[in-house]
Every structure is written in structure tokens, then in C-alpha cells.
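Thank you all for making the time this morning.

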Amino acid sequence: MKNENYWDGEPQLDSIEFLQFQDPSVMNLSFQAGELDACYGLSTSDAAAYMEDDNYILEMSNGLRTDWGLMNQSGLLSDKSLRIALLECLDMETICEVQLNGMFQAGNTPFASEALGVNDLENPYSYDIEDAAAVLAEAGYADTDGDGIIENADGTPVILEAYSYTTRAELPIICEALQYAASTLGIKININYVQDLWAGTIQDGSYDLCIFNSSGFHSGDAAVFLQQFFKSDAVYNAYGYANEEVDALITSLENVFDTEERVEIERKISQILMDDACCAFYSYPTIYIATKNTVSGLECTPADYYWITVDVAIAE
């Protein structure tokens, strides 16, 4: 409802109703039917269709979010060789360009390059399917029984449980691409889509892979994100990652106030995380919001918290 005493002036609208859809395609149908004035989270193909239609406006912005995956190091993925293979088998450049319609940037660090200027960091495990196979062979993985699934040196088949959700349209695309790419190496991945990943799966560690989307800059700085996921005692670190240098660097941010110095520490942490192959950083989404052409004042910003302002209006 409208706050008539709002600090930034009188809102143009009396009220706004927010609806959540589990399936982006259902949201798109509702938008096309005129049941919605604006929508966020469309698939890239659906969003692209509105670029050339004068009845709609598509607002776009480079974002600060990352599509990424936790790799649980208390199970089969405790072996770094297997984690490296999962990183090197997936061609995210092609996936972003073709399957995601050029509206995503391939990832390799926890943060989009616009955030910390991390695009000059060295990615030690970029796409290289041949090297991925060689890494597995050198570590003793082989399909000894001919069933198409490799086993580790102990004879355990490499069957991984991956968890994700469907409310972000790109996540199933990434999951299924990874499932196929891994299968060419003899790694079987079962995909499980759940509704409440944050309250359950992420915190209880009941996964081999946990693939999701989050923002690394909740308040314009990366420290909170790093504390939540990468310290050995972090609230979301149920995947068993521990690095004493990373712990010390994250803790040091509590007493560093110079912006440039903080950025350098965060960049250093990013490089260590990549070197450790602790997680998979898949892509950085472009933020886009589609609206009817009667909607005005709704501007798309990199941080997805400040879209609704007093200037948002709907023409009669």
C-alpha cells in the first residue's frame, strides 16, 4: 500500500501486488495475457521476444548476481581431481552465447567482472574436456565394469546428487548441460529440483552439488557473502570447504576500511577459491525486466533491490 509519508515524495501508485511463480513459462503466459504489468525472471528466449515489440519495454542492466554451485567435499567430491573434471567439462562460453541467447556472461570467479574487476584473475580450470578426462585417468578413475559410469580407486561408482530449483529459468539449462557434459566423462549426475533450497538443502549439506543463484554484493561490498559461504565455520558452509588462509583474509576485512585495500583482499580470496576448485562459478546473468508500454519509471539497476520507487506509474 502507498506510504503517504514516504521520505522521497508521494508514490504514483496506490498499491503494488507481487506474485511469485515457480515456472517462468507460466509467468510469461500470464504477462502475455495482460494479467501482469511487469515481470522479472523470464527465460532469455521469452525476454528477447519483447525487445522488438512496441507493446512492451524491456529494461536491461549488467547484474551483480552469480549462478554457481557448491561441491560437497565430505563425499566423492572430496577428491579435487573430480572437482576439476566437473569444472573443465562444461563449455559455459557456448552455453551463454547459444542456449542463454547471449544474455549471460560465462563465469569463473565468485563475482561478475564489473564488481571487483576480477576478469584479469587466472582461471586454472577453464573448459578443456580432454584435460578433464586426463585428470580423471591420472587419479585412477576408470569404468571397470563397462556400465558407462567410472569408479574411483576404491571401486565406488561416481554417481552424484545435484540439487537446484526452477524459479530461475537459467538454472535447469545449466544443470542439464552439466549432466550431459559430465556423462561424456562417465560421471552420472542425478538432478533434483526443490522449492526451498535455502531453508533446507544448502544448510544441511544433503547434496553432492548444490546449484543456485545469489548476489555477492548485498550492501555494496563482498565481505558478507564471503563470510556466509567460505569461512570454515560459515552459516552456509555445509559443503566442508576449509582453507586457513581464506579464513584469515575474510577475518581481516573486519578491520580494513580502505576501499582499494578491501578490493585487493577480496580479489586474493577469489583467486584462492578458484585455485582450490571448491565451487563452480557458472555465469553472471544480465538483469532484465519486461513491462507493458503503459508502465513508466521502473528502471533496472545492477542491484536487484531498488526497482520500485515513487516514480513508478501506470498510464490510464
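Let me begin with Lys292 and Asp37, whose side chains meet in a salt bridge with an N to O distance of 3.5 Å. Because Lys292 lies in strand S8 while Asp37 sits in the loop between H1 and strand S1 (38-40), this pair ties together parts that are 255 residues apart in sequence. Asp37 counts as partly exposed, at 34% relative accessibility. Please keep in mind throughout that this is a predicted model.

Searching the whole structure gives 7 salt bridges, and I will pick out a few of them. The side chains of Arg262 and Asp221 form one at 2.9 Å, N to O, and this pair also links distant parts of the chain, with Arg262 in helix H11 and Asp221 in the loop between strand S7 (209-215) and helix H9 (223-229), 41 residues apart. Arg262 is buried, with a relative accessible area of 14%. Salt bridges that share partners also join Lys2, Glu10 and Asp14 into one network.

Then there is the pair of Glu170 and Arg168, whose side chains meet at 2.8 Å, N to O. Are these two buried or exposed? Glu170 has a relative accessible area of 5% and is therefore buried, the cut-off being under 20%, and Arg168, at 17%, counts as buried as well.

Moving on to helix H3, which spans residues 80-88, we find that 8 of its 9 residues are buried, so the helix is largely enclosed by the rest of the structure. Among these buried residues are Arg83 and Glu88, along with Leu82, Ile84 and Leu86. At the start of H3, a side-chain oxygen of Asp79 comes to within 3.0 Å of the backbone nitrogen of Ser81, and Ser81 is itself one of the buried residues.

The elements giving two or more residues to its lining are H3, helix H4 (92-99), helix H11 (259-276) and strand S8 (279-292), and S8 gives the most, with 4 residues. Of the 21 lining residues, Gly107, Asn108, Asn123, Tyr125 and Ser126 lie nearest the centre of the pocket.

Phe18, in the segment before helix H1 (24-32), is exposed, with a relative accessible area of 64%.

Methods. Residues are numbered from 1 along each chain as its sequence is written. This is a predicted model: local features need pLDDT of at least 70, side-chain atom pairs count only at pLDDT 80 or more; totals for chains, interfaces and linings use all residues. Side-chain values use heavy atoms; hydrogens and water are left out. Buried means under 20% relative accessible area, exposed over 50%, partly exposed in between (1.4 Å probe, protein chains only). A polar contact is a pair of N or O atoms within 3.5 Å; within protein, one must be able to donate a hydrogen and the other to accept it, and residues adjacent in sequence count only if both atoms are side-chain atoms. On a 1 Å grid over the protein atoms alone, a cavity is a set of points where a 1.4 Å probe fits but cannot get out, and a pocket is an open set with protein on both sides within 12 Å along at least five of seven lines; lining residues have an atom within 4 Å of a point. A salt bridge is a side-chain nitrogen of Lys or Arg within 4 Å of a carboxyl oxygen of Asp or Glu.
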